[in-house]
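Q: I have a sequence and a model on screen. Could you walk me through reading the main features?

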Amino acid sequence: MINNLVKENIQSLQPYEVKECENIAKLDANENNNVAYLLNQKIAKSLMGLKVNQYPDSDCCQLRKMLQKELGLAPQQLMMGCGSDQLISIIINAFVGEGDKILTHTPTFGMYKITAQIAGGTTVEVPLGKDFSFDYYSFIKESKKQKPKVIFLTNPNNPTGGIIPREQIIKIVEFSDGIVVVDEAYFEFYGESVIDLVNYYPNLIVLRTLSKAYGLAGARVGYGAASKELMAVLYKIKPPYNVASLSQIAAMVCLENKEILEDVIQEIVLEREAMTKQLESLPKVKPYKSYGNFILCRLENAKEVYEHFLNNKVLVRYFGETGPLAGCIRISIGTKEENQLVIKLLMKALGIAEEIAV
Ligand SMILES: Cc1ncc(COP(=O)(O)O)c(C=O)c1O
């Protein structure tokens with residue numbers, strides 16, 4: 001009976017899957033395992049004075065003030081979200097309705113398509129090119145043809161780790177009659193951003209998150225930056241009190257302790273490069289060049305490797321055996337110990353003696 005009541009676009013929706021496992025090296029969601037507990041004491045201390053009986057600062061004024069200084073933007077150009085997921089949802093709710101289109105490259109982060117479908121829209125996907133490089137000419141062609149309401153560009157891209165050059169992003173923004181969202185969830189591991197361009201292009205939104213480099217996935221805090229005009233539209237539909245007061249405090253402590261995090265980010269980038277080299281040295285393993293805190297690898301026997309990892313309490317992301325990610329696993333960069341464990345397990349699964357590559 002319930003099914004008959006459900007909207008048609010929700011009946012056919014494939015939900016975002018999250019695998020829950022305990023006591024495991026969690027390398028499946030691109031979290032920052034190198035900062036777990038590092039700021040907990042400082043966060044706990046800051047929480048002592050919190051009036052948890054009261055609703056939070058609805059528009060995160062203090063947090064935005066901290067970011068505003070760092071980014072050189074006006075507070076009206078910034079919005080905090082319960083994760084950047086909520087901002088994706090707010091953007092789509094503002095611009096995409098029944099029959100409207102969004103344009104993305106594929107493969108990419110799954111929530112754009114899911115959120116568009118919930119809103120009654122459809123997603124046009126432009127395949128990435130060789131070795132998952134961004135296919136600029138096909139993208140522009142499709143953008144002109146489809147006239148999407150919203151374009152999503154993920155830079156660096158999840159799960160492939162590739163990037164889109166700044167000049168190409170600028171051209172796409174200039175050519176587009178719609179909104180262009182540049183999702184910079186992994187910006188800190190890459191270093192290049194287009195956030196400065198929100199002052200020049202009224203149709204550009206840049207999204208960031210504290211879930212990845214900042215190690216704050218559990219608090220669910222993300223932010224968006226855009227022109228004042230565009231932000232004013234998004235503020236119309238932002239739910240009140242959308243970021244919990246406990247999360248706002250955790251985010252402020254993180255931003256106040258940026259220098260600790262910057263060292264950790266540097267270490268993760270070095271580990272990513274070292275790990276890529278080790279993976280390249282293994283037979284039948286193809287790691288793709290990554291600018292994020294993860295590495296996508298194509299393997300001959302991805303399913304067995306994934307299961308072998310799982311049996312040894314290591315969780316990575318496996319993408320199944322169909323579509324462009326067939327035979328691929330994505331490994332988040334963890335602690336040094338976790339990364340070495342991954343290489344050891346992979347060698348065991350491939351039947352290679354340990355002394356060779358580690
Ligand atoms: C590209 C990209 N954007 C956005 C998100 C959502 O991040 P959050 O909602 O935790 O801020 C993720 C999470 O994996 C992601 O990979």
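This is a predicted model: local features need pLDDT of at least 70, side-chain atom pairs count only at pLDDT 80 or more; totals for chains, interfaces and linings use all residues.

Q: What is the phi of aspartate 131?
A: Phi is positive there, about 55°, although the residue is not a glycine.

Q: Where do proline 107 and proline 156 sit?
A: Both are in loops. Proline 107 lies between strand 3 and helix 6. Proline 156 lies between strand 5 and helix 8 (166-175).

Q: Now the sheets. How do strands of a sheet pair?
A: They pair through backbone hydrogen bonds, in either a parallel or an antiparallel sense. Here, seven strands make an open sheet in the order 2-8-7-6-5-3-4, and the pairing is mixed.

Q: Why is one side of strand 2 and of strand 4 left without a neighbour in the sheet?
A: Strand 2 (78-81) and strand 4 (122-127) are at the edges. Each has a single partner strand, so one side of each lacks a neighbour in the sheet. From one strand to the next, the twist averages 20°.

Q: In which sense do strand 3 and strand 5 pair, and over how many bridges?
A: Strand 3 (residues 101-106) runs parallel to strand 5 (residues 150-154), and they pair over three bridges. To place the pair on screen, find threonine 104, which stands opposite phenylalanine 152 in strand 5.

Q: Which strands does helix 6 touch as it packs on the sheet?
A: Helix 6 (residues 111-118) touches strand 3, strand 4, strand 5 and strand 6 (179-183). Its direction makes about 160° with that of strand 3.

Q: What is the strand order of the four-strand open sheet, and is its pairing parallel or antiparallel?
A: The order is 9-10-13-12, and the pairing is antiparallel. Strand 9 (285-287) and strand 12 (317-318) stand at the edges.

Q: How many bridges join strand 12 to strand 13?
A: Two, between strand 12 and strand 13 (residues 328-332), which run antiparallel. Here tyrosine 318 faces isoleucine 329 in strand 13. Helix 12 (residues 302-311) packs on this sheet and touches strand 10 (294-299), strand 12 and strand 13. The direction of helix 12 is at about 35° to that of strand 13.

Q: Turn to the ligand. How many residues surround it, and which are the closest?
A: There are 14 residues around the ligand, and the closest are Ser84, Asp183, Thr209, Ser211 and Arg220. By class, the shell has four nonpolar, six polar and four charged residues. Helix 5 (residues 83-95) gives the most to this shell, with three residues.

Q: Which atoms of the ligand lie 2.6 Å, 2.7 Å and 3.0 Å from polar protein atoms?
A: A ligand nitrogen is 2.6 Å from a polar side-chain atom of aspartate 183. A ligand oxygen is 2.7 Å from a polar side-chain atom of asparagine 158. At aspartate 85, a polar backbone atom is 3.0 Å from an oxygen atom of the ligand.

Q: How much of the ligand does the protein bury?
A: Taken alone, the ligand exposes 400 Å², and the protein buries 93% of that.

Notes: Residues are numbered from 1 along each chain as its sequence is written. Side-chain values use heavy atoms; hydrogens and water are left out. Two strands pair if DSSP finds at least two bridges between them. Axes are lines fitted to C-alpha atoms, for helices over the stretch in contact, and angles run from 0 to 180 degrees between N-to-C directions. Contact means heavy atoms within 4.5 Å. A residue is near a molecule or strand if one of its heavy atoms lies within 4 Å of it. A polar contact is a pair of N or O atoms within 3.5 Å; within protein, one must be able to donate a hydrogen and the other to accept it, and residues adjacent in sequence count only if both atoms are side-chain atoms. Accessible areas come from the Shrake-Rupley method with a 1.4 Å probe; for residues, only the protein chains shown count as cover. Ala, Val, Leu, Ile, Met, Phe, Trp, Tyr, Cys and Pro count as nonpolar, Asp, Glu, Lys and Arg as charged, and the others, Gly among them, as polar.
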